[in-house]
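Biologist: I'm new to this one. Can you put it on screen and walk me through the side chains?

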Amino acid sequence: QVQLVESGGGLVQPGGSLRLSCAASRFTLAYYAIGWFRQAPGKEREGVSCISRFDNETYYADAVKGRFTISRDNAKNTVYLQMDSLKPEDTGNYYCAAGRSGLLFSACVLRRSGEYSAWGQGTQVTVSS
C-alpha cells in the first residue's frame, strides 16, 4: 500500500511563500509520477502541478505558472511544491498523489486525477492578511 504524507501547510500573508512536502514510506517516489492537487471549500478539486517519473517533466496549471515549482529530492524520497507570491485564491487543502500506470507510465496529468492511485491526507494552506 502506497502511503503519502503531506506537510508544510499553514497560514501565510498574500505575497508570502510556503514549501509543501510529499513524503513516502515503504516505496520509492522516483518510480512514480507525482501530482499536487488542491481543493477549496465549495469548489472542485483541481490539479496544480505534476512531475513525470522518467524524465521529470513538469506541468503547471495556468493559475500557478511562474509562481509554483515542483521538484524531487530522490535522496530524501520527497517531492516538493515551492509556492511563491501566494494569493488568497491559493487557499485550500493541498494533496499529493502518486501513480505509474496508464497515462502516468511516462507522463503526468493534471486533469485526470483518477489516474493517480495513491493519495495523501492533505495539508491546509491559508493565504490571508
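Predicted model: local features only at pLDDT ≥ 70, side-chain atom pairs only at ≥ 80, totals over all residues.

Biologist: Which arginine lies over the face of phenylalanine 105?

Modeller: That is arginine 53, at 4.7 Å from the ring centre.

Biologist: Where do phenylalanine 54 and phenylalanine 105 lie?

Modeller: Phenylalanine 54 is in the loop between strand S5 (46-51) and strand S6 (58-60). Phenylalanine 105 is in the loop between strand S9 (92-99) and strand S10 (118-119). The pair therefore ties together parts 51 residues apart in sequence.

Biologist: How does the pair of tyrosine 116 and tryptophan 119 look?

Modeller: The centres of those two rings are 6.3 Å apart, with the planes at 70°, so tyrosine 116 and tryptophan 119 are edge-to-face. Tyrosine 116 is buried, at 4% relative accessible area.

Biologist: And phenylalanine 54, buried or exposed?

Modeller: Exposed, at 54% relative accessibility.

Biologist: New topic. How many salt bridges does the structure hold?

Modeller: Five salt bridges. In one of them, arginine 38 meets glutamate 46, with the closest N and O atoms 2.6 Å apart. Arginine 38 is buried at 6% relative accessibility, whereas glutamate 46 is partly exposed at 36%.

Biologist: What does arginine 67 meet in a salt bridge?

Modeller: Aspartate 90, at 2.7 Å from N to O. Arginine 67 is in the loop between S6 and strand S7 (68-73). Aspartate 90 is in the loop between strand S8 (78-83) and S9. The two are 23 residues apart, and the pair links distant parts of the chain.

Biologist: Is that pair buried or exposed?

Modeller: Buried on both sides. Arginine 67 has 10% relative accessibility and aspartate 90 has 1%. Arg67 and Asp90 are also linked with Arg38 and Glu46 in a network of salt bridges.

Biologist: What about aspartate 62 and its salt bridge?

Modeller: Aspartate 62 pairs with lysine 65, the closest N and O atoms being 3.0 Å apart. Aspartate 62 is exposed, at 67% relative accessibility.

Biologist: Now the inside. How many residues has the largest nonpolar core?

Modeller: It has 28 residues. Those with the most contacts inside it include Trp36, Phe68, Met83 and Tyr94.

Biologist: Which strand gives the largest share of this core?

Modeller: S3, with four residues. Strands supplying at least two residues each include S3 (18-25), S4 (33-39) and S11 (123-127).

Biologist: What is methionine 83 in contact with?

Modeller: Leaving aside neighbours within four places in sequence, its contacts include Leu18, Leu20, Arg67, Phe68, Tyr94 and Val125.

Biologist: And which residues are in the other core?

Modeller: That core lies apart and has nine residues, among them Ala33, Cys108, Leu110 and Tyr116.

How values were computed:
Residues numbered from 1 in each chain as written. Heavy atoms only, no water. Buried < 20%, exposed > 50% of the residue type's maximum accessible area, 1.4 Å probe, protein only. Phe/Tyr/Trp six-rings, centres within 6.5 Å; stacked < 30°, edge-to-face > 60°. Lys NZ or Arg CZ within 6 Å of the ring centre and 35° of its normal. Salt bridge = Lys/Arg side-chain N within 4 Å of Asp/Glu carboxyl O. Core = buried A, V, L, I, M, F, W, Y, C linked by side-chain atoms within 4.5 Å. Contact = heavy atoms within 4.5 Å.
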